[in-house]
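Please read this briefing alongside the sequence and the coordinates.

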Amino acid sequence: MASPRPPVRDGGSGVSRRRFLCLCAGAGLGAAGCDHTLVGRRPRAGDAVHRTDAERDAPGTPEWRITSLGPPEAIAGYADRVSVTPGEECGLYVSTTAASFRVSAFRVGWYGGALARRVWSSPPVPGRRRQAPLAVPETRTVYAGWPRTLALDTTGWPEGAYLLRLDADTGHQRYVPLIVRSVRGAGRTVLLHAPATWQAYNRWGGASLYAGTSGAYATRSLAVSFDRPYDADGAAKFRVYEWPAVVLAERLGIPLAYSTGVDVHDDPAVLDGAAAVVCLGHDEYWTPEQRAHVTRARDAGSNIAFLGANTCFRRIRLQPGPGSARRTVVCYKTAYRADPCYPARPALVTTDFRTAPAPDPESSLTGVLYEGYPVDAPYVVHSAGHWLHEGTGVRAGDAFPHLVGVEYDRVTPSAPTPGLLEVTAHSPLVCAGRPSHSDSAYYTVPSGAGVFATGTMRWVEALVAGTGELGRDHGMDARTRAFVTRTTENLLRAFAEGPAGRHRPAPRPNAGDMYAS
């Protein structure tokens, strides 16, 4: 599941840049079996550009936000790749009712509080309204099938997370997210973005992995395509669950690398020698290959942070789409017996990782196990003296209202759980009438790697609580923002130094006492 998306309102984010800076300062912040315009020159070998302190401190572009969505047909688009390396070409596919539009590429970062920098913009591009969505009947997979509108040359674009903003000449706008990924992550903190999860919840064209065009679960897609725009503003999942953490990491100035779960599935080289891997606020859909590669990185000494809940819950496959490889996310869920891999290849059957025919609960990696939805509860500190909480001033029992939600994880001793695990927050809650707890937990492994999981999906959102940046805060306030910000800063700084088990206090196992039967 996922938190409902925040409303996107015409007229901007509802918070001025000056107010946002003041607020941040207060916190420290098938069976899932053309038009063409080339902008710029073709890439050359050696064009890769890495983030530097100079990039972090460069002048930003405050006007990166969408100010008017307009109706869904006003303008929308998608890229033919979830990521590129600097200098690679990327195709953009756009439909609009406007006579023309422009594209601006905004790199997300701190930028002195501007929060993004425009690195490129296009000249006016002729607009055209494209055909209605197409579908693959066997899997109810919706895709756009539009011709390429233009090609983007990313030469000179620094590695990072980007929002491509489409600006129609009518004033309406939409985003297209794009990651300019790193090839090498040695010695750096790898921010691992989650486009497979973005796509799973995408209702553009009427269907997602949760509901079909009728609105019913029974008619949901069994496979979803990247060859279509994202719904809402075009980047809602990225904005809510990832963007605040990217801004914070960039502000800290730690060495960063950027990738996606889709890319790590194919090529885990970016994880080799990484100081840390950070999985962001909602990263639910993983391939077995991605999970194996992240686990191998942990066992080689890379710290792992899970800044959300419901992480690595669904097992998926990536398959070719109409245009290219790895463009379709396959997940049959409860209909797993209809998966073509069933029963011959049980480890590839697309259902929950914890369930038959090849149960492998995510807790062996995350330390916590997804338990429920929906919930809204206070986050209650347990291990106040843990190094994660240095400088926060918290005491055991301190509570932060609404920080646990809308999904949560907990330590579950009956599931595979690392032995040396310390629960740092133990938050009572009631979900669907049943009392339980949400847990934040920290453990280490023999390689020295530390692993921390927040156990709540609102952690990343809380980094901007009270600023109005995301349109709503679930009732979280500036006190919560300050606590989450400082804790996350402690986590990222420590993990950037290398295997945390070698330079931070060892976890004090306490889950057995909490969950003694």
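Which residue in β21 does Q319 stand opposite? The residue facing Q319 is T328 in β21. This is a predicted model, with an average pLDDT of 90 over the protein and a score of at least 70 for 89% of the residues.

**Strand pairing**

- Strands β20 and β21, the latter spanning residues 328–330, are joined in the antiparallel sense over three bridges.
- Both belong to an open sheet of three strands, in which the order is β14-β21-β20 and the pairing is antiparallel.
- Because β14 (223–225) and β20 (317–319) each have a single partner strand, they stand at the edges of the sheet, and one side of each is left without a neighbour there.
- On average, and with direction ignored, neighbouring strands of this sheet are turned by 25 degrees against each other.

**Cysteines**

- Zero disulfides are found when the whole structure is searched.
- For C312, the closest cysteine sulfur is that of C279, and the two sulfur atoms lie 8.4 Å apart, which is too far for a bond, given that a disulfide requires a pair of cysteine sulfur atoms within 2.5 Å.
- C312 is buried, having a relative accessible area of 0%, and C331 is likewise buried, with a value of 0%.

**Model confidence**

- Over residues 2–51 the pLDDT stays under 50, and for this stretch the model has 145 contacts beyond four places in sequence.
- Where pLDDT is low, predicted coordinates should not be read in detail.

Notes
Residues are numbered from 1 along each chain as its sequence is written. This is a predicted model: local features need pLDDT of at least 70, side-chain atom pairs count only at pLDDT 80 or more; totals for chains, interfaces and linings use all residues. Side-chain values use heavy atoms; hydrogens and water are left out. Buried means under 20% relative accessible area, exposed over 50%, partly exposed in between (1.4 Å probe, protein chains only). pLDDT is the predictor's confidence in each residue, from 0 to 100. Contact means heavy atoms within 4.5 Å. Two strands pair if DSSP finds at least two bridges between them. Helices (H or I, at least four residues) and strands (E, at least two) are DSSP runs, numbered from the N terminus. Axes are lines fitted to C-alpha atoms, for helices over the stretch in contact, and angles run from 0 to 180 degrees between N-to-C directions.
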